[in-house]
Amino acid sequence: MSRFSEKRLEMKDMDMLAAQTSMVHSLNPLSKLLVTLCYIMAVVSFPKYNLSGLMPMILYPVLMYQLAGIPVSLCFVKLKVVLPLVCAVGIVNPFFDDTPVLQIGNVVISGGILSMLTLMLKGIFSLMASFLLIATTSIDSVCAALRKVHVPDMMVTLLLLTYRYVGMMIEEVGVMYDAYMLRAPGQKGIHVSAWGSFLGQLLLRAMDRGEELYNSMLLRGYCGEFPHAAFAPFNRNSGIYSVLCIISFWILRTVNLAELLGAFFVR
């Protein structure tokens with residue numbers, strides 16, 4: 001199996017994850033979207049030196065992954081390309097901020113190291129929450145939830161078509177690459193002389209497939225409002241979930257739970 005087929009299967013795996021049944025999957029997509037946005041805003045609002053206050057925020061994604069029946073490790077496997085980029089955001093902070101802010105025994109930790117760790121955890125926690133939303137909610141339901149909060153239909157349509165188009169384009173690249181390798185056995189990769197024609201054919205084939213994709217969406221009733229989306233009703237469970245999560249985020253943001261627990265056990 002070529003690497004393009006593997007990438008296509010990975011996208012299908014995400015659709016299969018979203019089609020599973022669990023307590024989290026059955027929640028209203030709009031409530032999950034709003035809770036995810038509130039969680040990300042709470043995470044990124046922590047001060048750059050407040051590492052101890054940020055740590056308890058991991059409780060939400062870890063707990064929800066367990067309720068959804070999705071291994072936490074799957075998030076890191078699927079996002080293995082993005083995670084290094086997120087972790088590299090604050091990697092230069094120790095070089096610009098060497099002010100001592102914490103001492104553990106004989107080890108002095110500078111503000112740059114502390115802010116670097118805080119930025120890394122903010123990115124990791126935000127990715128975990130975003131992956132949880134996508135893994136428990138289909139792309140149609142996510143787009144339908146965006147329209148419920150009056151996000152412009154052009155932006156929602158662009159998001160949906162991008163998701164569909166990326167998968168289709170990967171499939172087309174895989175077909176063309178396999179066909180090329182059958183005509184050039186033993187060759188490593190595509191020769192530089194064939195790059196122009198390969199990209200040109202890919203563009204033409206992708207445009208044709210994209211037109212077919214959009215026409216098929218129109219034939220199935222798509223008009224920018226997702227009339228046939230699998231949209232779970234906003235029931236009592238969804239309301240309780242939203243209220244409890246938002247209150248929990250507010251408590252964790254305003255109260256340093258790690259310091260309180262540390263002071264309690266030190267006594």
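**Enclosed space and its lining**

Reply: The second largest cavity is lined by Val24, Lys32, Thr36, Tyr60, Ala129, Leu132, Leu133, Thr136 and Tyr241. A cavity here is a set of points on a 1 Å grid over the protein atoms alone where a 1.4 Å probe fits but cannot get out, and a lining residue has an atom within 4 Å of a point. This is a predicted model, in which local features need pLDDT of at least 70 and side-chain atom pairs count only at pLDDT 80 or more, while totals for chains, interfaces and linings use all residues. Residues are numbered from 1 along each chain as its sequence is written, and side-chain values use heavy atoms, with hydrogens and water left out.

Me: What volume does the second largest cavity have, and which helix supplies the largest share of its lining?

Reply: Rolling a probe the size of a water molecule over the atoms shows where empty space is left. In this case the volume is about 40 Å³, a volume being the space filled by probe spheres set on the grid points, which are joined across faces, edges and corners. Helix α8 (111–136) and helix α2 each supply at least two lining residues, with the largest share, four residues, coming from α8. Helices are DSSP runs of H or I with at least four residues, numbered from the N terminus.

Me: How does the lining of the second largest cavity divide by class?

Reply: That lining has six nonpolar, two polar and one charged residues, where Ala, Val, Leu, Ile, Met, Phe, Trp, Tyr, Cys and Pro count as nonpolar, Asp, Glu, Lys and Arg as charged, and the others, Gly among them, as polar.

Me: Is lysine 32 buried or exposed, and which residues is it in contact with?

Reply: Lysine 32, which lies in helix α2 (residues 29–44), counts as buried because its relative accessibility is 3%; buried means under 20% relative accessible area, exposed over 50%, and partly exposed in between, with a 1.4 Å probe and protein chains only. Leaving aside neighbours within four places in sequence, lysine 32 is in contact (heavy atoms within 4.5 Å) with Val24, His25, Leu27, Leu133, Thr136, Thr137 and Tyr241. The side chains of lysine 32 and threonine 137 are also joined by a polar contact of 2.9 Å, that is, a pair of N or O atoms within 3.5 Å in which, within protein, one must be able to donate a hydrogen and the other to accept it, residues adjacent in sequence counting only if both atoms are side-chain atoms.

Me: Which residues line the largest cavity?

Reply: They are Met14, Asp15, Ala18, Ile134, Thr137, Ser138, Ile139 and Tyr163, around about 50 Å³ of space. Helix α1 (residues 3–18) gives the most to this lining, with three residues.

Me: How far apart are the end C-alpha atoms of helix α11, and which of its residues are buried?

Reply: The end C-alpha atoms of α11 (residues 195–219) are 36 Å apart, which agrees with the 36 Å that its 25 residues should span at 1.5 Å a residue, the expected span being 1.5 Å times one less than the number of residues. An α-helix has 3.6 residues a turn, so residues three or four places apart point the same way. In α11, Phe198, Leu202, Ala206, Gly210 and Met217 are buried, and the buried residues of this helix pack against α10 (153–183).

Definitions and conventions. 1 Å grid on protein atoms, 1.4 Å probe; cavity = no way out; pocket = protein on both sides within 12 Å on 5 of 7 lines; lining within 4 Å.
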